[in-house]
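The points below are to be read alongside the sequence and the model.

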Amino acid sequence: MGMSQQAGHCKKPVSPMNTRAALEVVRNIAWTIVLLTSTAVTGASGINRLSVYLGDNAVMTCPNVINITMVTWKISPKTGGQCSLSYLNGHKTERTNCSDRINWRSRPEWDQALEIQQVEMADEGNYTCEVVNADGGFHHHYHLTVLVSPRMALYCDDHGNPVCEAETVKPAAEIWWVPESNSTPRADSHDNGTVTVVSRFTAHSTSGENPTCIVSHATLNETKSIACFPSHRHLIRHTAIFVGFLIIVTFVAAIYYSKLHGYRKKRNP
C-alpha cells in the first residue's frame with residue numbers, strides 16, 4: 001500500500017521534444033524584446049538633421065505609409081511659441097500658431113511634407129511628423145539648423161576712405177587694419193540673428209601702403225586690400241565751394257573799393 005502511494009507521487013520524465021519547444025519559445029521572446037528595445041532606442045535618437053541657408057526654402061517629409069487617417073506636424077522652435085499643422089482624413093486641416101511661411105508643401109491628402117518658405121533664424125528648432133493609420137503611429141523627427149553665409153565687403157566711401165564690413169552670425173566678427181587704424185568698429189545687430197561690423201580706416205599716414213582689412217570669425221577669415229582716392233564728385237564739390245568763396249570775396253572787395261573811391265572823390269573835388 002505504501003509502495004503504491006509513493007508510486008502515485010512519482011513525476012513523469014520530461015520529453016526532450018517539450019524541452020526544445022520551451023527553449024525555442026524563450027529564445028523567440030528574448031529576440032522580440034531585443035528588437036523592440038532596439039526599435040525604441042532608434043526611434044528616440046533617430047533625429048534627421050537638416051541645415052538650410054538663411055532665406056532658402058526647407059522641406060521635411062513624413063513616414064511613407066498608406067491609408068493615413070491623421071497627420072500632425074509639431075514644431076518647437078528655439079525662440080517663440082510652438083505651432084502645429086494637422087490633417088484628418090476627410091480633407092479637414094487645422095493650424096495653430098504657425099506662420100504663413102510654414103505650410104503643407106502640397107495638398108496633405110496627397111503629400112504630407114512640410115515646407116518653410118524663406119527660412120529665418122527663428123525657424124531653428126525641432127520638427128516632428130506624426131502619421132496614424134490602422135497599423136498604429138509613425139514618427140519622423142527633424143532638427144533644423146539655419147546657416148548664414150558670412151560676407152565681407154571692402155570699399156571706398158565718398159570721402160575716399162576705405163571701409164570694411166563683415167556680416168556673420170553672433171558673435172560679431174573682429175576687424176583689424178594694416179597699417180593700424182585709429183577708428184573704432186561699429187556693430188549692428190539684426191532681427192535675423194546676424195551682426196554687421198563696420199570699420200572705417202582713419203590712419204593719419206599709410207606711407208604709400210594700401211590699407212588692408214583683416215576679418216576674423218569662426219565662419220569667416222579673409223584679408224583684402226584697397227587703394228582709395230578722393231572721388232571726382234568730392235573734388236568737384238570742394239572746387240565749387242572754393243570758387244564760390246572767391247567770387248563772394250571778389251564781389252565784397254569790389255563794393256568796398258567802389259565806396260572807398262567815391263568817398264575820396266567827395267573829399268577832393
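1. Strands β10 and β11 form a hairpin with five residues between them, and G160 in the turn has a positive phi of about 85°. Strands here are DSSP runs of E with at least two residues, numbered from the N terminus. This is a predicted model, in which local features need pLDDT of at least 70, side-chain atom pairs count only at pLDDT 80 or more, and totals for chains, interfaces and linings use all residues. Residues are numbered from 1 along each chain as its sequence is written, and side-chain values use heavy atoms, with hydrogens and water left out.

2. Six bridges join β10 to β11, and the two strands run antiparallel; two strands count as paired if DSSP finds at least two bridges between them. In this pairing, C156 stands opposite P162 of β11.

3. Why is E165 classed as buried? The reason is that its relative accessible area is 16%.

4. The side chain of E165 makes a polar contact of 2.9 Å with that of Y155. A polar contact is a pair of N or O atoms within 3.5 Å, one able to donate a hydrogen and the other to accept it. Leaving aside neighbours within four places in sequence, E165 is in contact (heavy atoms within 4.5 Å) with R151, M152, A153, Y155, T196, V197 and V198.

5. The largest nonpolar core has 26 residues, and V71, W73, L114, I116 and Y127 have the most contacts inside it. Among the elements that give it two or more residues are β3 (70-77), β8 (125-133) and β9 (136-147). A second, separate core of 16 residues includes L154, A166, A173 and A203. Such a core is a set of buried Ala, Val, Leu, Ile, Met, Phe, Trp, Tyr and Cys residues joined through side-chain atoms within 4.5 Å.

Note on methods
Buried means under 20% relative accessible area, exposed over 50%, partly exposed in between (1.4 Å probe, protein chains only). Helices (H or I, at least four residues) and strands (E, at least two) are DSSP runs, numbered from the N terminus.
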